[in-house]
Amino acid sequence: MSDLLQHVLNGLAAGTIYALVALGYTMVYGVLKLINFAHGDVMMVGVYVGYASAKQMGRDTSSSFLGVTLVFLLSMAMCAALGFLIERFAYRPLRDKPKLTALITAIGMSFFLSYSFQLEASLGGLTVLPGAAPRAFPDVITSQVWLIIGDVVVSNKQVISVVVALALMGGLQFLVFRTRFGMAMRAVSFDHRTAGLMGIPVDRVIALTFMLGSALAAGAGILYAIKDTLVQPLMGVTVGLKAFVAAVIGGIGHVPGAVVGSLCLGLVEEFVVGYGGSTWRDAVAFGFLIAVLLFRPEGIFGRVTAEKV
Amino acid sequence: MGGVIRGLLPFAVAVPVLAALQVLTADAPFLVILSLTVGVNIVLAVSLNIVNGMTGQFSIGHAGFMAVGAYVGGVLSKVTSEYGISFLPEVVSDQVLFALSLVVGGAVAALFGFVVGLPSLRLKGDYLAIVTLGFGEIIRVVVQNTELFGKALGLSGVPARTTLFSCWLVVVVVVVVAKRIHDSSHGRALLAIREDEIAAEAMGVNTTAYKVRSFVVASFFAGVAGGVFAHYQSIVAPSSFTYVKSMEVVVMIVAGGLGSTTGAIVAAVFLTLLPEGLRSVLLAVTGDGALAQKVEQIRMPLYGLLLVVLMLLRPQGLFGTRELWDMGPFRKKRAPSPPSPLSSSASPGAAPEVVR
Amino acid sequence: MTSAAASTAASTAAATPAPSPTARPPALLSVGDLHVSYGAITALRGVSLSVGQGEIVALIGANGAGKTSTLRAVSGMLSPKQGSITLDGKPIAGRKSHELVPLGMAHAPEGRGIFLNLSVDENLTLGAYLRSDHEGIEADRENGFTLFPRLRERRQQRAGTLSGGEQQMLAVARALMSRPRLLLLDEPSLGLAPQVIETIFKILRAVNQTGVSILLVEQNAHLALGVAHHAYVLETGQIVMEGTGKDLLATDEIRRAYLGE
Amino acid sequence: MSLLKVHRATMQFGGLKALSDFSLDVAQGDLQGLIGPNGAGKTTAFNVMTGVYRPTSGAVVVDGERMNGRLPHQVNRAGLARTFQNIRLFKELTALDNVKVACLADDRPPSSPFSRARIDGLRRQGRFAPAHALDAWGNYLDWWRALFLTSGYRADEAHIEERALRLLDVMGLAHRAGEQARNLPYGEQRRLEIARALATSPKVLLLDEPAAGMNTKEKAELMVQIRRLRDEFALGVLLIEHDMKLVMGICEQITVLDHGETIAVGTPDQVKKDPKVIEAYLGVESKELQA
């Protein structure tokens, strides 16, 4: 029984991380109807920025509250900038082109980011590209056990990731449904041409959405990396794909859907791993996706949209 | 009967030419290996182009089908390597068994292609892409967990039976098949689906059947390519069939121009030879192995960048949907249409009186 | 006038409208020699027209004649290949939609362009997206509800649940929220019951009387010509006839081609 | 004999009835019109007839075969071809290839066990399942014949080419055969769509606003052409049109839709005088005008 509870707990904690990445996918899809394949790789870049800044600060500074906050903010800011550049130069010129064109661009961008980071390069003593070797993320938050109920162990990292994730989700929900900018986002998402007629600066709204999604990804990436995962350039592809799967399961473009889908995926994976099938983990995630798409292509919360003839 | 002879004409030309090449290159193992890599990539690119370029579906899991063919073919050859067909000399017997394992590997891959093709009935564009990617990954994970396939270590000891002749014969087959499909009413149906699925359906094209068939044909040849690959590598490891391999093929057909078979061929040759060429040049000039190693690393980010730049500057790729033989001096002349008694009354110039 | 227009005019010799004797007010919007194409298909080939201060101007013509393309080019939804568009003497051709809203342009587009995923209130708020005078916005919202009482009852509902007529009312009300000087309307009668059409056109007249100029695209020639001060007839991307609404209504050509008589 | 029969078809989207109790009967040689204000449900009616939508209730029968639940390509094989309001050509393909796509398997020689004549024969006997199977297997066999370039296959291809060229010629597009569809002027694109629809050897041709975007002269030509096509190809024709003049001038029977309801059926003269039609179609102001 406690075994089960532990798995549920771990699954939910893992799911919240997916959720943060999935929210970025969903937001971008919402406004642009584009699967931003490079989203996971932006996350990876964020993790490396976090890694570098934590190393630079040294162990003592970076593990203080202020230090940790700074690590997060720095990496989120860098990723926002990266997201802006990607949107401005790779996606915007293709906005009115066939969807496939943008999709191929996104795949190319993902490839470019993940494999550039496998190269090693430095400029005047400063490491520009880290190389393929996996590294352990600096221990900016020391592992502690906060709660033991029977056999169930709750660590501080789990609590932190769940709390941060929930706070960010709440914030996002507020932004989308309670603010002027959120209203503009929803309008652009529904029909960007008509949104322009309302005086909404469509390009700016889309750029800001990209920056926001990218920043979220960076935050999620660091939370993910802190939990004893090794940092390496291809981590974005794996996590990104999983998060995408989660977003689709929930109904892509739907904020709470992304969260629910992520939690489902986190739980399913945890159970597969927990009960001895760790080598099957990825297959199960994709199997889950295919099953959902076949039987309910619009996801759990999505709406069916019919093509006009 | 005359038709069949004409149908086999390309092979009548190809067989002696390839046989001659095989003999000529007997002393150049490096050249042979290079040609096999190029050949396998051509088969992969041309077959994927049937789905992505002609039918307009977007599959990014081609490596999965290649894996199926490689493993199934590899295991089959390993099992039969002890045996021979008694009335044939050993070399011939080996080649017959090899051909058999290629076909069986291809057929199993085609079966998988059928299964993957089914979602294409309900899914489009990006969703379909992700499903094919998922299937590719699932296949890899399944292989990694199967004792028969050597789990993560892979399958070793596959008899080395691929020759320049057999590999390029497969290339000729896939190109001929792709061209004949393209030029037939079936090819036109596939193109129609690419252009406008709803209109194609309304014009009596069974879009469901055609989409699945294009997946089946493409995955059959991917499986055969996998078999060819397995029989010259001798070791088949799951790491050869990742997402990266699928993307390599996608880059080839996008660069060549989605929908153009010759474009796919040219891009496959170029993108395979370029890094190999650079590597050997670097190795020869500097004598430094580390630098040559870099080429392999730089290749991947460059592929990504190439995709982005292509989409921004030349989304139609090298050839667009045209073929080499549609261009310049190769251009086919179209027979002038026969004059018809109806045409004069239908021409805008001779409009009848307006009925008011 | 183009040669096509000349030939049509010749066939209906007597009824060709002479240039209107009453001088038109100074132009708020003027469009000169506008060319628009979508890929290889040319939608507009040299359209020139103007909307005077305080006028209702109608643009009529068959499906695919280029009416919607004209409106889209004017409101910046697509950029013209050639030609000039000026608003208050300021050149605006090629500028993006959202830059034109602060200049006093509002466009209720083809198919109404309602954000079906948002509530009625949110749609109205979006209409006033660029304004920050909170009280003014609320006053205008009240105005809208006075014009269209049905909308007040449904202000919290998702716009997707409204009927076609209510959506059209919302489209007009929303366009007014930006306090435009020039209102572009694309087929406000589309798919609506006669009584609803009547209501909407009455309100358009009322809106016009408050000083808003209107450029109206309509299939229903009767309606459009009945309400318009001045009208243009568009055929395959060209203006083939123009005149006051009344004059055009009286021509045989129009009656035959667009009224089915 | 009735080739297309729609019996009390109703189409509901969510709570909205886009089409209710719609009935229609098209026989060979008919030239009927379907009119109504924008949004009246005309295109929905076409979509229901051609299998794009499955009607919520009611039946569509093509040449004696019930079509409910059939896919659009099956409806097309049964003898119903259509054009689209917003032109849906295969834009990157040449005009000739556009027509050839639609020729498909109709062009197996009469001696073939899978010939159209045999399939149609089975249909006439009411044996629809074997007819479909024969069509499907014939198509499957064609794949292999194409791969081996058999002489029969090449004869078929030659026949298809000839037929496609002839259809282009009939629509006055022979000089455009090698041109990409997207490069054709608007009016020619509309005509190419008709040629393409004819290539499927339809019994009934549905035209969705065939004259939209044409000028008066082109429209007049088209009217004559449609009538000629009906006679030459022994078709029943049903067309949606906005242009009243065109509809009144060419159609023998007209069905008027408004808000999904059929408000009038009759000859042009009857329909023109129907007060309901005047109110719905010509707008309110016309009452004042006519008074």
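This is a predicted model: local features need pLDDT of at least 70, side-chain atom pairs count only at pLDDT 80 or more; totals for chains, interfaces and linings use all residues.
User: What is the order of the strands in the open sheet of chain C?
Analyst: Good follow-up! The sheet has four strands with antiparallel pairing. At its edges stand β2 (41-52) and β5 (90-91) of chain C, each with a single partner strand, so one side of each is left without a neighbour in the sheet. Reading across the sheet, the order is β2-β1-β4-β5.

User: What angle does helix α2 of chain C make with the direction of β1(C)?
Analyst: Helix α2 of chain C spans residues 67-74 and packs on the sheet. There it touches β1, β2 and β4 of chain C. Its direction and that of β1(C) make an angle of about 115 degrees.

User: Now for chain D: which strands stand at the edges of its sheet?
Analyst: Chain D has an open sheet of four strands, in the order β2-β1-β4-β5, and the pairing is antiparallel. A strand at the edge has a single partner strand, so one of its sides is left without a neighbour in the sheet. In chain D, the edge strands are β2 (16-27) and β5 (65-66).

User: Which residue is the bridge partner of D:His7 in β4(D)?
Analyst: Strands β1 (residues 2-13) and β4 (residues 57-62) of chain D pair over five bridges, in the antiparallel sense. In β4(D), D:His7 has as its bridge partner D:Ala59.

User: At what angle to β2(D) does helix α1 of chain D run?
Analyst: Helix α1 of chain D is made of residues 42-49. This helix lies across β1, β2 and β4 of chain D. Relative to β2(D), helix α1 runs at about 65 degrees.

User: How much area do chain D and chain B bury between them?
Analyst: Here 55 residues of chain D are in contact with 46 residues of chain B. Of the area buried, 64% is on carbon and sulfur atoms. The total between the two chains is about 4400 Å².

User: How far apart are the closest N and O atoms of B:Asp196 and D:Arg88?
Analyst: Across the interface of chain D and chain B there are two salt bridges. B:Asp196 and D:Arg88 form a salt bridge, and their closest N and O atoms lie apart by 2.8 Å.

User: Which helix gives the most to the side of chain D that touches chain B?
Analyst: The interface has 13 residue pairs in polar contact. Several helices of chain D each supply at least two residues to this side, including α2 (72-78), α5 (128-147) and α6 (151-170). With 10 residues, the one that gives the most is α6(D).

Conventions
Residues are numbered from 1 along each chain as its sequence is written. Chains are lettered from A and ligands numbered from 1 in the order in which they are written. Side-chain values use heavy atoms; hydrogens and water are left out. Contact means heavy atoms within 4.5 Å. Buried area is the accessible area (1.4 Å probe) that two parts lose on being put together, summed over both. A salt bridge is a side-chain nitrogen of Lys or Arg within 4 Å of a carboxyl oxygen of Asp or Glu. A polar contact is a pair of N or O atoms within 3.5 Å; within protein, one must be able to donate a hydrogen and the other to accept it, and residues adjacent in sequence count only if both atoms are side-chain atoms. Two strands pair if DSSP finds at least two bridges between them. Axes are lines fitted to C-alpha atoms, for helices over the stretch in contact, and angles run from 0 to 180 degrees between N-to-C directions.
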